[in-house]
Amino acid sequence: MTIIAVTSGKGGTGKTTIAVSLALSLENAQLLDADVEEPNCKLFLPIKPSVVAPAEIPIPVIDNEICTHCGKCSESCEYHALANMPFEVLVFEKICHGCGVCSYVCPEKAITESPRKIGEILSGSHNSLLFHYGEMLVGEELATPIITKLKKFEDQTKPFIIYDSPPGSACPMVETVSDADFVIIVGEPTPFGLSDMKIVVETLEKLGKKMGVIINKDGIGNDEMEEFCKAKNIPILLKIPYDVKIAEAYSRGIPLIQAFPEWQTKFVELANKIQEMIKNDS
Amino acid sequence: MTVESPKQLTVISGKGGVGKSSIISALASFMQENIILADADVDAADLYLIFSPEETEKEEFVGGKKAHIHKSLCIECFKCYESCRFDAITEDLVVDPLKCEGCGLCYHVCPVNAITLEDSVSGHLMVSKTRIGTMVHARLTPGEENSGKLVTEVRTRAKEIAVKEQKPLVLVDGSPGIGCPVISSITGADLALIVTEPTISGIHDLNRAVELVKQFRVPFILVVNKSDINDEITAQILQEFGSRALRTFTLPNDLFFTKAMLNKLSVLELEAETEKQAAIQNTLKEISQVIKQLLKIQATK
């Protein structure tokens, strides 16, 4: 089982394009869309997914009959999610991280926990492709717990597990890649693209991850991204040229390898190359 | 006329890579005498690449706390390891700082007080001089969380500076998505500018972004960028969202934007070479005027 995460730093560089085509090119893979704020993989797949589980955070429920208003719970909450008011303790549900501190510290044992739904995990399949994604409810703050839940649906029998990661380099991306054997960084060769890639590379280096770069929309900007990769010894796995026809097919929700079948062999080669790189390093 | 309460406009998108930073940099350069620019895309800030800021202030940002297990006091009872809900304590009883959420549960459960919670510097806030005026920006240390809190600091600082410098408008560049950092960038904003692109993904994400601004009661104007990639979907977007937005605009796809970026300029600082490029510039100027009208911004200069 090889876990490959597709990240980017900058949004809109082509993570979903690549994750979807990579998963479709492989025999017997699982695709997990961890961009739970805006999950787009489903738009490119002939799958009607259904809900398989809720994503929940345990939030405190205070028994006001037992509560003595000692204030220990609100003092101990690092997120200021509790307010000790004269006649009740208020819980600010959306900023509660579900850490369990308040129920632990309550000297009267007046706090129990109740699950609050913040999103869903959905799934479906097409031929041998197994697909799961997480979707956050609009207005919720925390994406990461939904990603943690999504990861529990990994199918260990699949030879390849592909993650479509959220953009950026903060907590949601870190959670997505934390168990990956290899991380593909999709970049666009422009100043914005390079700046954001450097931040992702720094994060992945901290995590000790093996990585490689795919340059998408090649030709749109300059050579600085390629030079950066060479200087850092990060392999450039593939280059996809800037082509309005590719953008147009994408706009209609058609996967790259469907609109341009000649790319299928390249993605199969990509997966094999990645497996080789993992084997050679260990 | 004194500015006591500057207005705030935030640019968001839902979908990444649709052109938020390119568009806001054009608006900022056009309205420069009346704005403070705030880059709230704290884990992937890009405006510095256009405006080459000279830092005048830099502060540490403490996003939260991290737990630290003091091995000399630890009796290896593993209570912390078993209690942590975020898998942040390894089998060697070491706290993984990238997973630690700083909640303090381990500190509370430890029977021998071997764990302390320490303030964690997870980024920096900067105030800088640029050719278009003052810019407030930030950098979240890679891998960190609490970006929403840093976004709030950026906005608060920008507002303070706007009052100090008597600028009637704060322009905020938001991040992609609809989660915590985006919410922090739109709460209390006077207007949102939502950028989208005419793709299936674009519409999907736009729906969620519009639902978000509706929940937070922020009115919005809509810009369909790269509109000529798919005229059909552009028309569909304008039809579906036209009545919900205060105003709608379209901008065609043109490497003019990339050329400006490569030259460290906004699109309104570059010479238009074709009619299409000139039209793009006119639309951006029109968007600026509409923003001023909607927010009743009277030029202070």
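Guide: Start with Glu160(B). Glu160(B) is partly exposed, at 47% relative accessible area. Buried means under 20% relative accessible area, exposed over 50%, and partly exposed in between (1.4 Å probe, protein chains only).

Visitor: What kind of model is this, and how are things labelled?

Guide: It is a predicted model, in which local features need pLDDT of at least 70, side-chain atom pairs count only at pLDDT 80 or more, and totals for chains, interfaces and linings use all residues. Residues are numbered from 1 along each chain as its sequence is written, chains are lettered from A and ligands numbered from 1 in the order in which they are written, and side-chain values use heavy atoms, with hydrogens and water left out.

Visitor: What scores does the predictor give the complex?

Guide: An ipTM of 0.91 and a pTM of 0.93. For chain B, the mean pLDDT is 95, and 99% of its residues reach 70 or more. pLDDT is the predictor's confidence in each residue, from 0 to 100.

Visitor: Back to Glu160(B). Which side chain does it meet in a salt bridge?

Guide: Arg157(B), at 3.6 Å from N to O. A salt bridge here is a side-chain nitrogen of Lys or Arg within 4 Å of a carboxyl oxygen of Asp or Glu.

Visitor: Which residues form a salt-bridge network?

Guide: Glu38(A), Lys42(A), Glu135(A) and Arg208(B) are joined into one network by salt bridges that share partners.

Visitor: How many salt bridges are there over all chains?

Guide: A search of the whole structure finds 25. One of them pairs Glu188(A) with Lys217(A), with 3.4 Å between the closest N and O atoms. Glu188(A) is in the loop between strand S9 (182–187) and helix H6 (191–207) of chain A, and Lys217(A) is in strand S10 (residues 211–218) of chain A, so the pair ties together parts that are 29 residues apart in sequence.

Visitor: Are these two buried or exposed?

Guide: Glu188(A) is buried, with a relative accessible area of 8%. Lys217(A) is buried too, at 18%.

Visitor: On to the interface. How many residues are in contact?

Guide: 58 residues of chain A are in contact with 59 residues of chain B. Contact means heavy atoms within 4.5 Å.

Visitor: What area is buried there?

Guide: About 4,900 Å², of which carbon and sulfur atoms give 57%. Glu38(A), Val138(A) and Phe192(A) supply 16% of the area that chain A buries against chain B, more than any other three residues. Buried area is the accessible area (1.4 Å probe) that two parts lose on being put together, summed over both.

Visitor: Which polar links cross it?

Guide: There are 5 salt bridges across the interface of chain A and chain B. Arg208(B) forms a salt bridge with Glu135(A), the closest N and O atoms being 3.9 Å apart.

Visitor: Which elements of chain A supply its side?

Guide: Helix H3 (101–105), strand S7 (129–136), helix H5 (171–177), H6 and helix H8 (244–251) of chain A each supply at least two residues of the side that touches chain B. The largest share, 9 residues, comes from H6(A). The residues of that side divide into 24 nonpolar, 19 polar and 15 charged.

Visitor: How are polar contact and those classes defined?

Guide: A polar contact is a pair of N or O atoms within 3.5 Å; within protein, one must be able to donate a hydrogen and the other to accept it, and residues adjacent in sequence count only if both atoms are side-chain atoms. Ala, Val, Leu, Ile, Met, Phe, Trp, Tyr, Cys and Pro count as nonpolar, Asp, Glu, Lys and Arg as charged, and the others, Gly among them, as polar.

Visitor: New topic: Ser25(A). Where is it, and what does its side chain reach?

Guide: Ser25(A) is in helix H1 (residues 15–25) of chain A. Its side chain reaches the backbone oxygen of Ser21(A) at 2.6 Å. Ser25(A) is buried, at 9% relative accessible area.

Visitor: Which residues have a positive phi?

Guide: Among them, Asn113(B), at about 55° although it is not a glycine. Asn113(B) lies in the loop between helix H4 (105–109) and strand S4 (115–130) of chain B. Lys296(B) also has a positive phi, near 55°.

Note on methods
Helix = DSSP H or I, 4+ residues; strand = E, 2+ residues; numbered from the N terminus.
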